[in-house]
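Welcome! Take a moment to look at the chain from end to end before reading on.

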Amino acid sequence: MGGVWIAEDTKLDRIVAMKFLAHRRLIQQGAPTDFAESTARMFQREARAMARINSSRVAHLYDSDEKHEGDVYIVMEYVEGESLAEHLRTGPKLPLERTVRWTRQICEGLGASSTASSGFSWRRTQPTVPRTPARLKVQ
């Protein structure tokens with residue numbers, strides 16, 4: 001259906017995360033037209049909801065648009081690091097102080113997302129442990 005890729009913003013010379021929904025591919029693979037269209041509308045609602053969030057704990061939205069044949073994309077801040085799940089699986093045991101601090105940061109990000117996105121239901125959030133500084137961001 002789509003995916004998230006790391007991309008280069010050549011105009012502003014920065015690395016970004018690009019989320020892409022291939023509406024055309026949904027139709028080609030036999031998805032009912034109403035499903036493909038509702039999925040594209042949901043994707044666009046997600047972009048509008050992201051645009052309202054103003055928090056240092058949430059990846060920032062840079063751009064969103066519709067391209068050829070209904071394909072839509074979102075360009076957002078790229079947070080280099082690993083998912084919190086991966087960090088917990090492979091990293092060292094977290095001390096209580098860091099666990100409390102990161103839990104608070106995740107709650108701040110989710111709270112900002114919830115406040116700004118009234119009525120939008122987030123399907124997937126992913127806390128990321130950035131390489132530097134060691135502060136979490138919700139993507």
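The paragraphs below go from the overall layout to the core, the strands, a helix and the charged pairs.

This is a predicted model, in which local features need pLDDT of at least 70 and side-chain atom pairs count only at pLDDT 80 or more, while totals for chains, interfaces and linings use all residues. Residues are numbered from 1 along each chain as its sequence is written, and side-chain values use heavy atoms, with hydrogens and water left out.

Let us start with the layout. The chain has 4 helices and 7 strands; helices (H or I, at least four residues) and strands (E, at least two) are DSSP runs, numbered from the N terminus. Of the 139 residues in the chain, 36% are buried. Here buried means under 20% relative accessible area, exposed means over 50%, and partly exposed lies in between, with a 1.4 Å probe and protein chains only. Contacts, meaning heavy atoms within 4.5 Å, also say something about the fold: among those with a separation of 6 or more, 56% are between residues 24 or more positions apart.

Now look inside. In soluble globular proteins, nonpolar side chains tend to be buried together. A nonpolar core is defined here as a set of buried Ala, Val, Leu, Ile, Met, Phe, Trp, Tyr and Cys residues joined through side-chain atoms within 4.5 Å. The largest one in this model has 12 residues, including Ala17, Leu21, Phe43, Val72, Ile74 and Met76. The elements that give two or more residues to this core are E2, helix H2 (33-51) and strand E4 (72-77), and H2 provides the largest share, 5 residues. Apart from this core lies another, of 5 residues, among them Leu94, Trp102, Ile106 and Val129.

Leu21 and Ile74 are 53 residues apart in sequence, yet their C-alpha atoms are 8.8 Å apart in space.

E2 and E4 pair in the antiparallel sense over 6 bridges, and Ala17 has Met76 in E4 as its bridge partner. E4 also pairs with strand E3 (residues 61-66), again in the antiparallel sense, over 5 bridges; here Asp65 has Tyr73 in E4 as its bridge partner. E4 is mostly covered, with 6 of its 6 residues buried.

Helix H2 comes next. H2 has 19 residues and reaches 27 Å from its first C-alpha to its last, close to the 27 Å expected at 1.5 Å a residue; the expected span is 1.5 Å times one less than the number of residues. The buried residues of H2 include Ala36, Phe43 and Met50, and its buried residues pack against E2, helix H1 (23-28), E3 and E4.

Finally, turn to the charges. Side chains of opposite charge can pair when their charged atoms come close. A salt bridge is a side-chain nitrogen of Lys or Arg within 4 Å of a carboxyl oxygen of Asp or Glu, and the structure holds 6 of them. One of these joins the side chains of Lys19 and Glu46 (2.8 Å, N to O). Lys19 lies in strand E2 and Glu46 in helix H2, so the pair ties together parts that are 27 residues apart in sequence. Lys19 is partly exposed at 22% relative accessible area, whereas Glu46 is buried at 14%. Glu97 and Arg101 also meet in a salt bridge (2.7 Å, N to O); both lie in helix H4 (residues 96-116), 4 residues apart, about one turn of the helix. Salt bridges that share partners join Arg57, Arg104 and Glu108 into one network.

One last stop is Asp13, in the loop between strand E1 (2-9) and E2. Most residues other than glycine have a negative phi. The phi of Asp13 is near 50°, a positive value in a residue other than glycine, and Asp13 is exposed, with a relative accessible area of 63%.

Key
Pairing = 2+ DSSP bridges.
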